[in-house]
Amino acid sequence: MNSLSKLKFLCVVPTFLSLGLLAPSCDNANSAPSQTTGNTVAKTAIAPRDTGLVQTAADTDAQKTGTATQSPNYPAADMADTTVQLKRAYRNYFPIGTAVDSKMVTDPRTASFIAKQYSSVTPVNDMKPVNIHPSENVYKWAPADKIVNFAVQNGLKVRGHCLVWFYRMPHWFFWDNGQLASKELLYSRLDSHINTVMSRYKGKVYAYDVLNETVAKTTETTQYSRIDTLYKIAGEDYIEHVFRTARKADPSAKLFYNDTFYDEAKRDKIYAFLKEMKAKGVPIDGVGIQCHIGIDGMSEELLSNSIDMFAKLGLEVQITELDVSIFNREAKAKTVANDSDDYTIDKEGKQSDIFNMVFKVCRQRKGVVTGITTWAPADINNYLTKRLGKRNYPNLFDNNLKPKPMLRKITDFKAGQ
Ligand code: G3I
């Protein structure tokens, strides 16, 4: 083996390993097929990096328009275990869900893929107040109904997302003849919304994100809540109010507080908030940790300690919006404008380690962790491409709805590990 190919070999092996795949052995990387895994591995491992992947307009369009084409940009595509069935691998642990919209569940190919691989669905946008209740006396039920009916027909669970989120409340909620609505008027509108949505989906939606992303970043406020319009009208009282209303509306539904954190400071603020709510007897059954992770990762210690802390408050924990971007978490369209969006085997390797860490930490906390939901069924459905204006591959299945190599490690685990 000449020095250049030895160098390539040395930088490929760690990524093979992190993909949970068997790495080719040293003495035949160049020539003969590898001892361990037959000939495909060796050939594919070397070739993609050498060709220096080029951006294909078709690929970007495919992601932007959601039309699946065979993307040449999956460096380790043929190392994936195409037989994998994600939900089956976790049947003794917890439901594995995904975020969907009405188009995905009505497209026959995508719908059968979702029903095969996932055991739970979350409406990514169609159940948000601004979309389902666009004006005071108008409910737009059809998109959310399609998702719930699809789930019922395929024996899948449904997580409702979300009943109240400052960022996605329709304008009319807060105004009364050009004046800011009174607390009483706001509460009657919140009650009507929560009662109407929850009674429609009673027995079909088993859990709701009653409140999403209410706790402010630590630096912003001394109190818990953001200074949004809900808070301006009602102070922090509205938090307790909406959970009590939701409990009455459907006593059988599990009520979650859903949020995101990537440092101990924000996590500690959410913990203190939930501890105080529980101490006041506010009916909160669980906490959703979103986990929109960047290629710069999330500390295993932060995630595992956080789940253990929330569990001590008597809360169940779910990972509710998991994805791993090929860019750093703080990435913005302008900050990545000049960055490559090629999907390299390094990026895929790093993603694999991050996904595997999250699934392992959750397996080890079976019983406390009651579900993992990814924020799109496959790369072709991801929301980051639109947001960052770059191709992205943040999910477990590729643009062609095929399992990605990282699924091997996530599904091939010893019981209890
Ligand atoms: O449907 C309209 C379309 O008719 C219109 O032409 C287009 C114009 O931009 O907008 C479309 O609505 C967009 C919608 O996604 C559907 O694509 C909204 O503008 C856009 O803001 C909305 O973004 C969603 C975002 O939440 C805000 O609701 C993302 O898809 C969704 O992935 C994202 O999800 C959030 C979770 O709910 C909460 N946690 C963070 C997570 C990621 O931001």
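Buried here means under 20% relative accessible area, with exposed over 50% and partly exposed in between (1.4 Å probe, protein chains only). The model on your screen is predicted, so local features need pLDDT of at least 70 and side-chain atom pairs pLDDT 80 or more, while totals for chains, interfaces and linings use all residues. Residues are numbered from 1 along each chain as its sequence is written, and side-chain values use heavy atoms, leaving out hydrogens and water.

**First stop: strand 1**

Select residues 96-100, which form strand 1; strands are DSSP runs (E, at least two residues) numbered from the N terminus. In a regular strand the side chains alternate between the two faces of the sheet. Here Ile-96, Thr-98 and Val-100 are buried on one side, and Gly-97 and Ala-99 are buried on the other.

**Next: the neighbouring strands**

Pairing requires at least two DSSP bridges between two strands. Click Gly-97 to find its bridge partner, Thr-373. Now show strand 2, residues 120-123, also parallel to strand 1 and joined to it by 4 bridges; there, Thr-122 is the partner of Ala-99.

**Last stop: the ligand**

Display the 16 residues surrounding the ligand, each with a heavy atom within 4 Å of it. This shell has 5 nonpolar, 5 polar (Gly counts here) and 6 charged residues (Asp, Glu, Lys and Arg). Zoom in on Arg-168, where a polar side-chain atom lies 2.7 Å from a ligand oxygen. Taken alone the ligand exposes 780 Å², of which the protein buries 54% (Shrake-Rupley method, 1.4 Å probe).

Terms used
Polar contact = N/O pair within 3.5 Å; in protein donor to acceptor, adjacent residues only side chain to side chain.
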